[in-house]
Amino acid sequence: STAELRALDAAHHLHPFSDMKSLNAEGSRIIVKAEGVWLTDSDGNRILDGMSGLWCVNVGYGRQEIVDAVAQQMTELPYYNTFFKTTHKPAIELAAKLAELTPPQFNRVFFTGSGSESNDTVIKLVRRYFQIKEKPEKKIIISRRNAYHGSTVAAGSLGGMAPMHGQSAPIPDILHIAQPYWWGEARQGETPEEFGLRAAQALEAAIDAMGEDRIAAFIAEPIQGAGGVIIPPATYWPEIARICRERDILFISDEVICGFGRTGKWFGCETFGTEPDILVMAKGITSGYMPLGGVMVADRVAEVLLEGGDFNHGYTYSGHPAACAAAIANLDIMVREDLVGHVANDAGPYLKAGWSALADHPLVGEAPMTGLVGALELTPDKTGRTSFADVGKVGTLARDFSFKNGLVMRAVRDRLIIAPPLVISHGEIDELVARARRTLDDTYAELKR
Ligand code: PLP
């Protein structure tokens, strides 16, 4: 029974990013199956998954084609590694497919098992790159406050989340600069354009302050995801691109969320017109059906790395054959169904119209959306950019109402966020927006009580 499962779970499972104390008291939510954009829990409730799991189930649940591809690969060759100049067909095919789908400068991939492993790999790769170029002192990586790049010690250090740093001190040689969060951080009277420019120029200031000869790279998500879906003002990315072009540093685009169609192009860097040297991927590469990640390097980086010989790095599951088979089947679906076009021209604009209309609600300060990723900033007073005194409390309240209303939204501080599967239909979008509005009404009524 559900009660028995909850008791076993509470007795034996340490959950990621969960308040252990309240989990033990309340028990966890058990999801038993899913189809398309719909989850079913152990009490039989149907819930619209507005978060694609953890931003990953891009092609939706229940894709038999991916299941079959994995099963066939498991039968033929369930495992082999890619160490010591060995490989297998799924890894070869996937690497070639990624070279086709990514921007033209990318032709080589290093496979990992996750986004965190990918970002650990990135740290070693950029340092190795400058060692080979005989500039070993160039090892500082600039990241941004509130960024999320994963949970391992190194990836968590790259990330800029204070609570994570608080529980495990970050590794050295990583520097965090401003995030382009206009609502939360702009000065009084500063327009989004002015603020975007100022936030970008923090990169130039950091390079000058530390010395360009010590900076290896700048890493950023095209849209900060776990930080609250921070969609930068239009002036931000062009200015960052200029700085990266003019300085001898590598630009790393962490596309773990934005990659594979989320923003209406294959990769977020294409939506914002930047030209990264390194592309980090995971999640949407398999739509979460199997764990897989990757780091792609631009040709100019690859040339140096190849020159350097051995790269002392790799994972048992780098390029796992069944995971690669899942990725190939997943990407085939994305291409055949033109899901990127669907986000850009159909589902994205349709959701944006409904979502933007939520900005008229008394609780909502702003309702930004790009492609199929968006946020609702909750505010006690929508005439100014004000925040609730007890940060996070209203967001959590709203998130819980949302679940009761049959919609998964996530709360980051007092910002609700969504990133539904890319296959979402107009009818499901109407449902999502209606449930989000009901959630705002319920939260507002509770605050007025
Ligand atoms: N990078 C970004 C931008 C992410 O959003 C995440 C996860 O949410 C990661 C890296 C870490 O990926 P993983 O959880 O697969 O290790």
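## Close-ups of the predicted model

View 1. I141 stands opposite I174 in β6. Strand names here come from DSSP: strands are runs of E with at least two residues, helices are runs of H or I with at least four residues, and both are numbered from the N terminus. This is a predicted model, where local features need pLDDT of at least 70 and side-chain atom pairs count only at pLDDT 80 or more, while totals for chains, interfaces and linings use all residues. Residue numbers start from 1 along each chain as its sequence is written. Two strands pair when DSSP finds at least two bridges between them. Zoom out and you get an open sheet of seven strands with mixed pairing, in the order β4-β10-β9-β8-β7-β5-β6. At its edges sit β4 (106-112) and β6 (174-177), each pairing on one side only. Neighbouring strands are turned by 25 degrees against each other on average, direction ignored. As a reminder, strands of a sheet pair through backbone hydrogen bonds, either parallel or antiparallel.

**View 2. A helix across the β4 side of that sheet.** Helix α5 (residues 89-101) lies across β4 and β10 (293-298). Against β4, α5 runs at about 135 degrees. Such angles are taken between N-to-C directions from 0 to 180 degrees, using axes fitted to C-alpha atoms, for helices over the stretch in contact.

View 3. Which residues come nearest to the ligand? Of the 15 residues around the ligand, they are S114, G115, S116, G150 and V256; "near" asks for a C-beta atom, placed from the backbone, within 6 Å of the molecule. The shell divides into six nonpolar, seven polar and two charged residues. In that scheme Ala, Val, Leu, Ile, Met, Phe, Trp, Tyr, Cys and Pro are nonpolar, Asp, Glu, Lys and Arg are charged, and the others, Gly among them, are polar. Helix α6 (residues 115-132) gives the largest share of the shell, three residues. Is α6 enclosed or open? With 13 of its 18 residues buried, α6 is largely enclosed by the rest of the structure. Buried means 20 or more other C-beta atoms within 10 Å of a residue's own, exposed means 12 or fewer, and partly exposed is in between, with C-beta atoms placed from the backbone. The length of α6 checks out too: its end C-alpha atoms are 25 Å apart, which agrees with the 26 Å that its 18 residues should span at 1.5 Å a residue. That expected span is 1.5 Å times one less than the number of residues. Just after α6, E134 takes a positive phi of about 60 degrees.

**View 4. Two non-glycine residues with positive phi.** F17 has a positive phi of about 40 degrees although it is not a glycine. F17 is found in the loop between α1 (2-12) and α2 (20-26), and it counts as exposed because it has 9 C-beta neighbours inside 10 Å. S52, also not a glycine, has a positive phi of about 50 degrees. S52 lies in helix α3 (residues 52-55) and is buried, with 29 other C-beta atoms within 10 Å.

**View 5. A buried loop residue, A367.** A367 has its place in the loop between β11 (364-366) and β12 (369-370). With 20 C-beta neighbours inside 10 Å, A367 counts as buried. Leaving aside residues up to four places away in sequence, A367 touches W355, S356, L358, A359, G374 and L376; a contact has C-beta atoms, placed from the backbone, within 7 Å. The C-alpha atoms of A367 and S356 are separated by 5.5 Å, with the two residues 11 apart along the chain.

**View 6. Strand β15 and its partners.** From β15 (residues 415-418), R415 and I417 point one way and L416 and I418 the other way, and all are buried. Side chains alternate between the two faces of the sheet in a regular strand. Strand β13 (residues 373-378) runs antiparallel to β15, joined by four bridges, and E377 has R415 as its bridge partner. Strand β14 (residues 410-412) also pairs with β15 in the antiparallel sense, over three bridges, and here R410 stands opposite I417. The hairpin of β14 and β15 has two residues between the strands, and in it R413 takes a positive phi near 50 degrees.

Notes. Contact = placed C-beta atoms within 7 Å.
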